[in-house]
Amino acid sequence: MPIAANLFDVCSETFELATPFVISRGAKSLAETITVTLQCIVEGRTIIGRGEAVPYARYGETVEGTLAAIKAIGPKLSNRTALQDLLPPGAARNALDCAFWDLEVKARGIPAYQLAGLDDLTSTETFYTLSLGSPEDMAQQALSVPQLKCLKLKLGGGLLDTERMTRVRQVRPDARLVGDANEAWLPDILAQLMEAASQNAIEVIEQPLPAGEDAALASIKSGFPNVMLCADESVHSRSGLADLLDRYGAINVKLDKAGGLTEALALTGHARALGFKVMVGSMVCSSLGIAPAMILAQGAAWVDLDSPLLLARDRPHALVVSRSGVVQPPLP
């Protein structure tokens with residue numbers, strides 16, 4: 001039976017980044033997050049559960065709007081199951097859903113992975129993001145982290161991306177590389193960019209074309225079998241997932257897109273049943289936002305949970321990430 005709870009607190013928090021984070025849509029120096037605290041009484045004990053989310057402007061979300069949505073839904077809260085119909089996928093539902101998970105496992109006295117149906121929770125190696133820059137700048141970023149063997153290149157569109165991929169590969173022949181175009185590529189140069197990705201052993205290209213304008217991927221997908229195309233902005237939940245099979249071989253599952261761990265687990269299972277490979281990603285957030293995603297990361301083909309490495313400071317009792325990029329399971 002799902003645990004019932006009351007909304008105890010919701011607030012916004014900011015975390016300074018160690019260096020500016022740059023993608024094709026712009027740059028940021030702060031991670032702006034929403035933290036939700038739920039409360040319930042179990043056998044005379046007051047139990048709290050916390051969840052974190054990151055509103056994303058790409059989907060029309062703002063900090064103010066997300067706070068308002070959570071406060072508005074507060075009086076209607078009952079349990080995690082009911083929550084799925086009260087809010088659409090997005091940051092507001094994610095914060096509440098993950099807080100419910102935290103609350104439930106504390107109330108039941110079991111680890112979160114057990115509630116998710118797993119036998120254990122193991123460490124995982126994360127990809128580390130290289131911010132968008134000139135080819136030489138991105139090569140220098142890659143050289144600055146020789147201990148990290150999994151690197152993710154933020155790409156910006158245009159044929160300069162061929163140089164970015166080539167230059168990073170030249171200086172890091174030892175690394176696994178994936179690329180994220182954030183919808184910035186254009187159909188008329190898609191083949192050239194995919195050829196460069198193939199030649200430089202880029203394992204994955206995330207969302208090369210804009211969501212809703214990615215039909216061209218169907219005709220090019222088979223031409224580059226060693227480069228996996230991964231849907232990010234094109235997929236949020238299970239709805240319409242099967243329609244992407246002709247365009248992508250993988251999907252990026254993020255808690256903020258799916259609207260929480262509940263839907264993200266269902267999405268991951270459905271995707272694998274359809275034959276998709278799974279990447280687990282996140283927005284730039286604190287360890288509180290990453291911790292539930294560690295459950296999703298079990299068995300994922302690619303894990304992109306490097307936020308703790310990007311922050312100038314994290315929360316107390318943060319996730320432990322080794323110098324080589326291995327993320328340890330969260331402490332209780």
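**Terms and their grounds**

Modeller: Let us begin with one pair of residues, remembering that this is a predicted model: valine 36 stands opposite glycine 51, which belongs to β3.

Colleague: How do you know that β2 and β3 are paired?

Modeller: Two strands count as a pair if at least two bridges are found between them, and here nine bridges join β2, residues 26-42, to β3, with the two strands running antiparallel.

Colleague: What is the order of the strands in the open sheet?

Modeller: Three strands form the open sheet, in the order β1-β2-β3, and their pairing is antiparallel.

Colleague: And what makes β1 and β3 edge strands?

Modeller: Each of them, β1 (6-23) and β3 (45-53), pairs on one side only. The twist from one strand to the next averages 20°.

Colleague: Which helices pack on the sheet, and which strands do they touch?

Modeller: Helix α1, residues 63-73, packs on the sheet and touches β1 and β2, its direction making about 160° with that of β1. Helix α3, residues 91-108, also packs on the sheet, touching β1, β2 and β3, and its direction makes about 145° with that of β3.

Colleague: What is the handedness of the crossing?

Modeller: Where α1 passes α3, the crossing is right-handed.

Colleague: Turning to methionine 279, why is this residue called buried?

Modeller: Methionine 279 has a relative accessible area of 1%, and since buried means under 20%, the residue is therefore classed as buried. Methionine 279 lies in strand β11, residues 277-280.

Colleague: Which residues is methionine 279 in contact with, leaving aside its neighbours within four places in sequence?

Modeller: With those neighbours left aside, methionine 279 is in contact with Val204, Glu206, Cys230, Ile251, Asn252, Val253 and Trp302. As for arginine 25, it is 254 residues from methionine 279 in sequence and 21 Å from it in space, C-alpha to C-alpha.

Key. Residues numbered from 1 in each chain as written. Predicted model: local features only at pLDDT ≥ 70, side-chain atom pairs only at ≥ 80, totals over all residues. Heavy atoms only, no water. Helix = DSSP H or I, 4+ residues; strand = E, 2+ residues; numbered from the N terminus. Axes fitted to C-alpha atoms, helices over the stretch in contact; angles between N-to-C directions. Contact = heavy atoms within 4.5 Å. Left-handed = near helix turned anticlockwise from the far one by under 90°. Buried < 20%, exposed > 50% of the residue type's maximum accessible area, 1.4 Å probe, protein only.
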